[in-house]
Amino acid sequence: MRIGWLCLASVMMSGIAAEASPDAQAPSSPAAAPPVLRSQQSTPTDGFIKAVASSYMALGDLYRDGKTTVGGAEAALAYYRGLANPGRPDAIYAIISPSDLIGASEDAPADPFAATELYLQAAAMGSAEALMRLGDLYREGRVVAADPKRAYLFYDQAAKAGSDDAKLRVGEMLARGQGVARDTGKGLAIIAALADSGNAEALVLLGDLYRPGGPGMVAMDPAKAFDFYRKAVALGYDAAKLRIGEMTAIGQGVAKDVNAGIGMIEEVVARTRNPAGLVLLGSLYSRTDGGVISIDFAKAFGYFRRAADSGDETGILRTGEMLARGRGTGQSYQAGRAMLAGLAGHGDTFALIALGDLLSDPTVAPVDLPAAVASYDKAASLGHSDALVRLGDLYSRNGSVASELPRAFSYYVRASQAGNIVGKLRVGEMTLLGRGTNRDVDAGLAQMNALADDGDPEALNLLGALYQRGIGGLLQADPARAYGYFSKSADAGNVIGSVRAGEMMVRGQGTTKNVVDGLALVRAAADAGSSEALMSLGTLMADGSTGAFDAPEAVRAYEKAAVLGRPDALVRIGDIYRVGGPIPVDPGKAFEFYRRAGLAGDETGRLRQGEMTARGEGTSQDIAAGLDLVRQVGAAGDPYAYVVLGDLHLSGAIGSIDGPAAVAAYESAARQGRADALLRLGDLYRDGRGVPADGKKAAEYYLKAVDAEDPTATAPGESVRY
């Protein structure tokens with residue numbers, strides 16, 4: 001839409017605009033730099049100007065939230081223009097707010113451009129709060145393209161005008177390197193100065209910066225984080241009490257006490273009706289962000305529903321997802337989809353991405369590819385570069401969608417050009433491997449190293465993983481270099497980097513073997529509540545890397561990881577009991593752990609459960625049910641399930657050997673890039689097992705397997721993992 005009527009060169013505001021901007025012109029587009037604030041001298045018109053600026057901000061809020069129409073906004077502006085009398089006494093400065101003047105529409109589309117224009121106009125009139133609104137708009141990226149650099153400029157301008165809130169944001173972005181070159185010391189100093197003056201929000205931010213798992217963490221120190229939150233609670237800041245409750249429940253920085261922690265959060269919710277507390281409780285019970293209490297999807301859904309009923313957008317989003325997936329409530333795919341679509345229709349980019357995720361998830365309903373792409377495309381058009389990454393993943397990593405690597409690569413390139421770190425990493429990785437583009441090892445490595453040189457922990461971890469394992473014919477394994485990358489990531493406070501560096505120390509890979517110090521790194525991260533560290537600890541205990549096998553401790557570590565929302569940890573425990581060795585084989589226990597993993601959504605757990613059910617291993621044999629479960633996992637996008645299916649048909653455990661059925665299953669896996677399926681096909685025809693022996697066919701399959709081992713022919717969903 002066009003909003004020419006917003007120009008403050010109108011009769012009413014011409015004098016104000018001239019005073020507000022050195023060149024007598026207000027900013028005209030969201031791309032403009034932050035306006036220079038008018039001098040804050042005391043004049044008879046100041047109160048009037050501030051009141052009008054506040055009204056412009058309020059009208060901008062309505063546009064931002066999709067609660068006004070063009071006609072309504074026109075009526076409001078006409079009213080404000082009619083108040084052109086800067087000489088009126090202070091009593092009239094409380095101008096009627098837009099929502100009281102014209103009401104709020106519930107179904108208008110969000111118009112972030114109009115909102116941005118209004119905020120810019122208010123900022124040109126001297127409003128530091130308007131600059132804060134602009135910074136928030138571009139930092140959050142919910143209804144407008146996320147742009148950390150622009151957000152920082154707006155915050156910096158507001159901070160120079162004296163806004164403590166803006167100073168806090170400037171300090172945070174400096175400490176985290178968001179939108180500006182990272183300067184942790186300077187950022188922490190700004191925040192600490194505010195905290196010392198009794199600013200409770202600054203204390204909470206300091207806690208966030210030291211809390212493990214937080215975005216942009218400057219150092220991992222849960223006890224220090226807890227102490228900052230405790231000081232903020234003493235100032236009566238409820239947001240800090242929510243964090244204290246969560247850390248108490250999960251045992252982070254303080255002795256674990258689930259009931260006490262939940263009780264703290266419940267008290268804040270009961271007293272304040274704070275939807276953030278409801279969302280936190282829902283997350284703890286569903287483990288969407290790392291809770292440690294027993295999964296209770298019904299409780300989680302109840303909390304999310306209450307948050308949704310209060311109008312909280314995150315609550316609405318989570319409620320819609322759970323309805324559509326049938327978690328904690330009877331499944332109602334259409335109702336859940338409608339809730340997400342309702343948010344998405346208002347331009348909520350997070351809802352658009354969540355809707356795309358739902359529509360492209362074959363485990364919930366048949367993939368609706370056109371609708372998923374349309375949802376991601378709309379989010380991308382609003383500037384959310386994560387949507388471009390999702391589109392790339394859709395065409396390269398979703399087993400139920402035909403792989404189109406060049407198309408995927410083009411999406412990653414667009415995300416990269418928008419500054420998205422994951423997009424840049426994907427471009428570098430695919431360029432190195434020659435997937436969807438011409439192979440260029442040097443260019444791919446250069447892309448990733450540029451990010452690593454800037455201290456990006458994801459890039460450091462990816463490069464560490466690449467050099468740790470090597471890539472046949474393309475990149476020689478270099479454990480010392482891998483350890484170097486992981487160490488740099490660890491030094492930046494990254495938990496994954498610490499864990500990987502610790503693992504390599506324990507094993508003496510790329511560095512001098514040091515079991516004690518390596519384990520200390522891994523244990524520190526595990527004790528701080530990192531599920532990845534607990535998974536690593538379990539593996540180190542189970543595989544003898546420490547010099548001894550300690551299956552009981554491995555099981556304990558995996559169980560803690562499972563409680564933290566890692567169902568794959570249950571699969572690891574099942575494997576321990578199924579294979580045996582340090583502890584006796586127990587097929588019944590193995591099956592139970594696989595079953596629990598499957599119920600928690602882990603596809604490997606479901607696959608193992610199906611295989612054991614078909615074989616009658618650890619449970620009563622039910623061939624039809626077992627095979628059906630294996631096929632379901634395959635249909636959901638795991639090609640290895642078809643390898644297992646082929647093995648079952650050749651095993652004799654489910655009846656007579658069925659060569660043609662095995663061939664069909666292996667062929668399905670091979671089409672999705674499984675080289676092991678091609679090897680099995682070669683063996684099958686070489687040995688004439690269930691099919692006539694055919695040396696020519698066997699040789700053809702073996703040659704295909706050799707080609708498939710090339711990194712350019714990996715399975716669609718495979719990537720370097722770290």
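## The largest cavity

The largest cavity is lined by S396, R397, Y412, R426, E429, M430 and R435; a cavity here is a set of points on a 1 Å grid, laid over the protein atoms alone, where a 1.4 Å probe fits but cannot get out, and a lining residue has an atom within 4 Å of a point. Helices, as named here, are DSSP runs of H or I with at least four residues, strands are runs of E with at least two, and both are numbered from the N terminus.

By class, the lining residues divide into two nonpolar, one polar and four charged, where Ala, Val, Leu, Ile, Met, Phe, Trp, Tyr, Cys and Pro count as nonpolar, Asp, Glu, Lys and Arg as charged, and the others, Gly among them, as polar. The largest cavity holds about 30 Å³ of space, and the count of cavities of 30 Å³ or more comes to one; a volume is the space filled by probe spheres set on the points, which are joined across faces, edges and corners.

## Basis of the model

This is a predicted model, in which local features need pLDDT of at least 70 and side-chain atom pairs count only at pLDDT 80 or more, while totals for chains, interfaces and linings use all residues. Residues are numbered from 1 along each chain as its sequence is written, and side-chain values use heavy atoms, with hydrogens and water left out.

## The chain as a whole

The chain contains 37 helices and zero strands, and buried residues make up 51% of its 722 residues; buried means under 20% relative accessible area, exposed means over 50%, and partly exposed lies in between, with a 1.4 Å probe and protein chains only. Of the contacts in the chain with a separation of 6 or more, 51% are accounted for by residues 24 or more positions apart, a contact being heavy atoms within 4.5 Å.

## Nonpolar cores

The largest nonpolar core has 38 residues, and Y333 and Y395 have the most contacts inside it; such a core is a set of buried Ala, Val, Leu, Ile, Met, Phe, Trp, Tyr and Cys residues joined through side-chain atoms within 4.5 Å. At least two residues of this core come from each of α16 (313-325), α17 (333-345), α18 (349-359), α19 (369-381), α20, α21 (405-417) and α22, and the largest share, seven residues, is supplied by α18.

Apart from neighbours within four places in sequence, Y333 is in contact with L323, A324, L358, L359, V364 and A365. A second, separate core has 34 residues, including A557, Y558, L564 and V571.

N398 lies in the loop between α20 and α21 and counts as buried because its relative accessibility is 13%. Residues up to four places away in sequence aside, N398 touches S360, P362 and D393, and its C-alpha is 8.5 Å from that of D361, although N398 and D361 are 37 residues apart in sequence.

R273, in the loop between α13 (258-272) and α14 (275-286), is exposed, with a relative accessible area of 60%, and has a positive phi near 55°. Most residues other than glycine have a negative phi. R306 is placed in helix α15 (residues 297-309) and is partly exposed at 42%; beyond neighbours within four places in sequence, R306 is in contact with V269 and L278.

Terms used:
1 Å grid on protein atoms, 1.4 Å probe; cavity = no way out; pocket = protein on both sides within 12 Å on 5 of 7 lines; lining within 4 Å.
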